[in-house]
Amino acid sequence: MIWGIFKRDMCHATRNVIAVIVSMGLVVVPALYAWFNIAASWDPYGNTKALKVAVANNDKGYKSDLIPVRVNVGETIISTLHANDQLDWQFVKSDKAIDGVKSGEYYAAIVIPKGFSADMMTLFSPDIKHAQLKYYLNEKINPIAPHITDQGATTVVNTIDKTFAKTIAQVGLDLASSILHYSQSPQMAEYMRNLNGNLTTMADTLSGASQQVTSYSQLLGSANDIVDSTGKLLASATKAGKQAQNALKQGKSGATSLTSAGANVTSSVNTALDQVSGAFDQVAAKVNKAFDAIGKDSDTAASQLATLSEQISSGESLYDTYITSLNHMRESVEQLPDSDSAKQALLEAIDREITLLEAAKGDSQKLAQQLKDASTQVTQDTAAAERSRKEILNRITSAKQSISNVRDDYATNVKPKIDALASTVSTLISQTDSMITQLSGTADDLDDVTGDAGTNVTSIRSTLGAIAKKLDSSAATVKELITKLETGGNAGDGNSDGGDGDNDADSGESDELRALATANASTLSTLISAPVALHRVSVYPIANYGSAMAPFYTILSIWVGAIILCAMLKVTISDREKAHVLGLGDTLPRIAGPSGPGNASRWGLRLDHEYFGRYAIFALLALLQGTLVCLGDMYFLGVQANHALQFLAVGWLAALVFSNIVYTLTVSFGDIGKAVAVVLLVMQVAGSGGTFPIETLPKFFQMLYPFLPFPHAIDAMHAAMAGSYGNEYLLDMVYLALFLIPSLLLGLVLRKPVIRLNNWVSRNLESTKVM
């Protein structure tokens, strides 16, 4: 009976061209529904480059004494976004950005305020302000676009945080590195030695002063003695001041002599070097003339070259004279005090000048030797003579360049330093002379005061005793400072000989600081700004967003296909069809009663025969729908499917289950059943977890989730696409197949009590002449 019904249905479905076209349409339409949706969502987040987001930078930047670097976070953001292609960034003025968001020209706008950098730098002040970006968003244009642009804004904020942290860290590390390198430089070591020496002298002076004050206090026992001693002391101070003034006058005269000598040497050197440079030009001309005469009169040419060689050799004494002058100047500079900052630089410049003069002298000696060698070659080998000519001319050029280097280095390095040193010495001597003059005046005033000192002997002795104690205390403090500086220097050098534990700790801290400061500042600052890097490890990776959404749209289209089948095909069998299947002609006998399900059961056509007989064509078309949509997913759209046969099996099982559920609802409840199928479709779209994780949905859908077929079909298709964990795929297929049990129970058992109710509802709907 079932085969008979199916065979007649197939004949009717293929009777004419229109029937075949409609049947093909029933198979193709669900596939088109799935394909269009999958293709449209293939890579939506990869095409966000067309989303226009405006960026306006009003940041004025910031610079402080604490961090002597101009910081403009706004400019950094703009530079970063120029290289970012996630969105279509539009760099405009703030007014245009805001207006563009309102008009819909831009989906969103980010405005960087004027004080943005300044607010960020309040981190280093007591009044901390939270730097804020202004983010304008047009939410009515598209429901998804705001979330995408939100991600863009979040990217900007993260970029700002990392850039700020990196900038601050890099500035601090660079500063620490510079200080450490400078502290380890020879200049710093020299400064520390001078400082220790000066501090030692100061401590000794303070101790000596303390002893002198104590002695003065003891001498105050006699007023006459103290007056006499004070008079002698003042006379001694005055005499020392006069001696110092005489010494200063001599120093000033020496500085003047140094300046005069520097000027004379400069004039002499420049004049002589210019003469030497011109002489080399004349030598080059004579060399060319001599070599030109080789073919005509080789003896004359040889004689001319020999003469030139002797002339150049005789001029070497001129270099020795200049070198001697510079050595005399160097001896004068060495007599200056070591504390003079210009002394070392001037000595280095004079040494470099002497080196250049010796190099120039060497070039002249080599030129003289080449001329001498050429004078013997011109009579022997013409080709060798021509090579010697080129070498001699090149050597003349090299000698001239050496002379130019000497003149330029002297004018650039030696002369300015001599002038600066003389000026500095002259200024220092003038200031010191003025100070000694004031001291002499003060001593004269004190001499007038000593006459009244005898009346205050007791008070003076008490005061001097307190001063002596203060001087002793100050001397002890200075000595303690010297000890700490020496300890710190040893710890910094890492040369501790295993002293006390404090020194070892200091050495360890210094080593750590040195390791930190000598590391790459850019690398360390990047690490500080982003201490954690995210390494993504894909578990069951999906190729793209379209493949990820394919199970949802595929399963949805199969359900839609089942609804279309029930909307286009009849689910009940007419009495005429029943009669043909039973071989009773075109009509059933009147004894069959009114038309309806089960009215031919007395002739052997039971209710289950009608159910499965008509469902057979539904199942065939549903299987064709599932096959077409799955094959199109894999081979037309290119959806990822690591296990193609399993992917296809999910489509087949879903087609059978969904078509049976919708067919059973329609058979049992008629048009109301179709409406129920649509309601189930809507519920499963929201509660299947195909788009958003089920955990993010309201509690109602989370409770409903296990009792819907969509989630199990989608999970099984995901497992077929990317791989299955354990028996995940098989379990989901079993859960999906279990939905056939209540469907068949309704279609075969529970359907009988509702047949009359369904017939009554159908008659009432038809009586309206509208439904």
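## A buried aspartate to start with

At 7% relative accessibility, Asp-9 counts as buried (buried means under 20% relative accessible area, exposed means over 50%, and partly exposed is in between, using a 1.4 Å probe and protein chains only). Asp-9 sits in helix H1. If you skip residues up to four places away in sequence, Asp-9 touches Gly-613, Arg-614 and Ile-617 (contact means heavy atoms within 4.5 Å).

A quick word on what you're looking at: this is a predicted model, where local features need pLDDT of at least 70 and side-chain atom pairs count only at pLDDT 80 or more, while totals for chains, interfaces and linings use all residues. Residues are numbered from 1 along each chain as its sequence is written, and side-chain values use heavy atoms, with hydrogens and water left out.

## The whole chain

The chain has 24 helices and four strands (helices are DSSP runs of H or I with at least four residues, strands are runs of E with at least two, and both are numbered from the N terminus). Of its 771 residues, 36% count as buried. Now take the contacts in the chain with a separation of 6 or more: residues 24 or more positions apart account for 76% of them.

## The strands

Let's look at strand E3, residues 108-112. Five of its five residues are buried, so E3 is largely enclosed by the rest of the structure. In a regular strand the side chains alternate between the two faces of the sheet. Here both faces are covered, with Ala-108, Ile-110 and Ile-112 buried on one side and Ala-109 and Val-111 buried on the other.

Which strands pair with E3? Strand E1 (residues 52-57) runs parallel to E3, joined by five bridges, and strand E4 (residues 134-137) pairs with E3 in the antiparallel sense over four bridges (two strands pair if DSSP finds at least two bridges between them). Val-111 in E3 stands opposite Ala-56, and its bridge partner in E4 is Lys-134. E1 is also joined by four bridges to strand E2 (residues 88-91), again in parallel; there, Val-53 has Trp-89 in E2 as its bridge partner.

## The largest nonpolar core

In soluble globular proteins, nonpolar side chains tend to be buried together. The largest nonpolar core in this model has 62 residues, and Ile-555, Trp-559, Phe-618, Phe-658 and Tyr-663 touch the most other members (a nonpolar core is a set of buried Ala, Val, Leu, Ile, Met, Phe, Trp, Tyr and Cys residues joined through side-chain atoms within 4.5 Å). Elements giving two or more residues to this core include H1, H2, H16 and H18, as well as helix H22 (709-722) and helix H23 (728-737).

What does Tyr-663 touch, leaving aside its neighbours within four places in sequence? Its contacts are Cys-566, Val-571, Glu-610, Tyr-611, Arg-614, Tyr-615 and Phe-618.

## The largest pocket

Rolling a probe the size of a water molecule over the atoms shows where empty space is left. The largest pocket holds about 1200 Å³ of space. Here a pocket is an open set of points on a 1 Å grid over the protein atoms alone, where a 1.4 Å probe fits, with protein on both sides within 12 Å along at least five of seven lines; lining residues have an atom within 4 Å of a point. Grid points are joined across faces, edges and corners, and the volume is the space filled by probe spheres set on them.

By class, the lining has 24 nonpolar, twelve polar and twelve charged residues (Ala, Val, Leu, Ile, Met, Phe, Trp, Tyr, Cys and Pro count as nonpolar, Asp, Glu, Lys and Arg as charged, and the others, Gly among them, as polar).

In H17, Asp-575, Glu-577, Lys-578, Ala-579 and Leu-582 are buried, and what covers the buried residues of H17 includes H1 and H18. After H17 comes Gly-583, with a positive phi near 75 degrees.

Tyr-540 isn't a glycine, yet its phi is positive too, about 55 degrees. Tyr-540 is in the loop between helix H15 (521-529) and H16, and is partly exposed, with a relative accessible area of 37%. Gln-365, in helix H11 (residues 341-377), is partly exposed with a relative accessible area of 37%. Gln-365 and Ser-309 are 56 residues apart in sequence and 9.1 Å apart in space, C-alpha to C-alpha.
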